[in-house]
Amino acid sequence: MSMAGAAKKEGTGPGVTDHGGGVWSIPVPIPDNPLGHTLVHLLDTDRGPVLIDTGWDDPTAWDTLTAGLAACGTSVSAIHGVLITHHHPDHHGLSARVREASGAWIAMHAADAEVVRRTREAEPTRWLGYLAVKLAAAGAPEEHLAPLRAARASGRASGQTDALPGTRAAQPDRHITPGELLDLPGRRLRAVWTPGHTPGHVCLHLEEAHPAAGEGMPGHGRLFSGDHLLPEISPHIGLYEDPDDATVTDPLGDYLDSLERVAALDPAEVLPAHQHAFTDAPGRVRALLRHHEERLAGLRALLLGAPLTPWQLAEAMEWNRPWADIPYGSRNIAVSEAEAHLRRLVKQGRAEPVPGTDPVAYQAV
Ligand SMILES: [Zn+2]
Ligand SMILES: [Zn+2]
């Protein structure tokens, strides 16, 4: 596959965009998801093409990916390596199939590789038990816990293992080491650790000059940002769920620090894994920092009224629909997000647990 010219060209295939300088994006559909698609990126190297993320494990997604690769002038069998920004199934889902078809290696940050290992080996009833204990501690009502306990008691989930996303996810062959240049002949691509959305999320900084740099485009290279930095969406920040680790992590704090880290790189262009490419990364980071500060201040105001458990805080928070309309599984995600914000407020000394409460309630400081 030869290096493309500098100009960005649309319409070279099924939604494929040629970003110039040997970089393409292929929109791979995510079934039944409002996000629509994952932007899988293709990077030409002297040893063969490399993918950044692969897309959801689904026949239509696979067909779109292979057709997209053909439109870029290559094929899935030619793929030399796969770089994964984070373990979520809309990014890592098709990696196993790509490896089977090509013999490519798969690389991921060690912290997310650990999540993949844990998910593959997870015994479903143990996971249900962990979830029930965690949700009870967060103040979930009995009617929310009862189905979990029933499923665990009947061992019902064990027959569905294959249907759960992540249980068949590919274990990576190598780790992405933050700060280091990746072993990609002919390219300068550096891994930047950006924990928050997941514990091992990485952005990949293509340090070569942007193809439009000669025309006066400001900034340094291009950033493959995964889900860390998106043009119009604020990614979900919950807790790093790990039944084997009782460490009190601060994912929202990690995320905010990671935002500052990518703003400091000042890339000329951001190539995210959803929506569309954009410029002015520092401006987007400022908007997201502002958004989270407003949200934290709003939540602290809620805790000024009366002490709240994480569950009660989630009920009181603003979501994209009324709490009563939020489905069961999404409530678990919402509570995880409420807890991530509480952890941050506690860490900042703006909230504290009320002594002697069970489940623990939090009050503003
Ligand atoms: Zn994600
Ligand atoms: Zn995603």
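Biologist: How are H7 and H8 oriented relative to each other?

Modeller: In this predicted model, helix H7 (residues 251-265) and helix H8 (residues 281-305) pack at an angle of about 165°. Angles over 145 degrees count as roughly antiparallel, and H7 and H8 are therefore roughly antiparallel to each other. Their axes lie 9 Å apart, and the crossing is left-handed.

Biologist: Which residues of H7 and H8 meet?

Modeller: From H7 come Leu256, Leu259, Val262 and Ala263. They meet Ala281, Pro282, Val285, Leu288, Leu289 and His292 in H8. By class, the contact of H7 with H8 comprises nine nonpolar residues, one polar and no charged.

Biologist: At what angle do H8 and helix H10 pack?

Modeller: For H8 and helix H10 (residues 328-347) the angle is about 85°, and the axes are 10 Å apart. The range from 65 to 115 degrees counts as roughly perpendicular, so H8 and H10 are roughly perpendicular to each other. On the H8 side, the contact is made by Arg295, Leu296, Leu299 and Arg300; H10 contributes His341, Arg344 and Leu345. These residues divide into three nonpolar, one polar and three charged.

Biologist: Turning to the sheet, in what order do the four strands lie?

Modeller: The order is S9-S10-S11-S12, in an open sheet with mixed pairing. An edge strand pairs on one side only, and here strand S9 (189-193) and strand S12 (269-272) hold those positions. From one strand to the next, the twist averages 25°.

Biologist: How many bridges join strand S11 to S12, and do the two run parallel or antiparallel?

Modeller: Strand S11 (residues 222-226) and S12 run parallel, and four bridges join them. Within this pair, glycine 226 stands opposite proline 272 in S12.

Biologist: Which domains does the domain assignment give for the chain?

Modeller: The assignment gives domain 1 (9-113 + 170-279), domain 2 (123-163) and domain 3 (299-364).

Biologist: How many residues of domain 2 and domain 3 are in contact?

Modeller: Seven residues of domain 2 are in contact with nine residues of domain 3. Helix H5 (residues 124-137) gives the most to the domain 2 side, with three residues. That side has five nonpolar and two polar residues, and no charged ones. Taken over C-alpha atoms, the centres of domain 2 and domain 3 are separated by 21 Å.

Definitions and conventions
Residues numbered from 1 in each chain as written. Chains lettered and ligands numbered in written order. Predicted model: local features only at pLDDT ≥ 70, side-chain atom pairs only at ≥ 80, totals over all residues. Pairing = 2+ DSSP bridges. Axes fitted to C-alpha atoms, helices over the stretch in contact; angles between N-to-C directions. Domains from an automatic or database assignment. Contact = placed C-beta atoms within 7 Å. Nonpolar A, V, L, I, M, F, W, Y, C, P; charged D, E, K, R; others polar. Parallel < 35°, antiparallel > 145°, perpendicular 65-115°, else oblique. Left-handed = near helix turned anticlockwise from the far one by under 90°.
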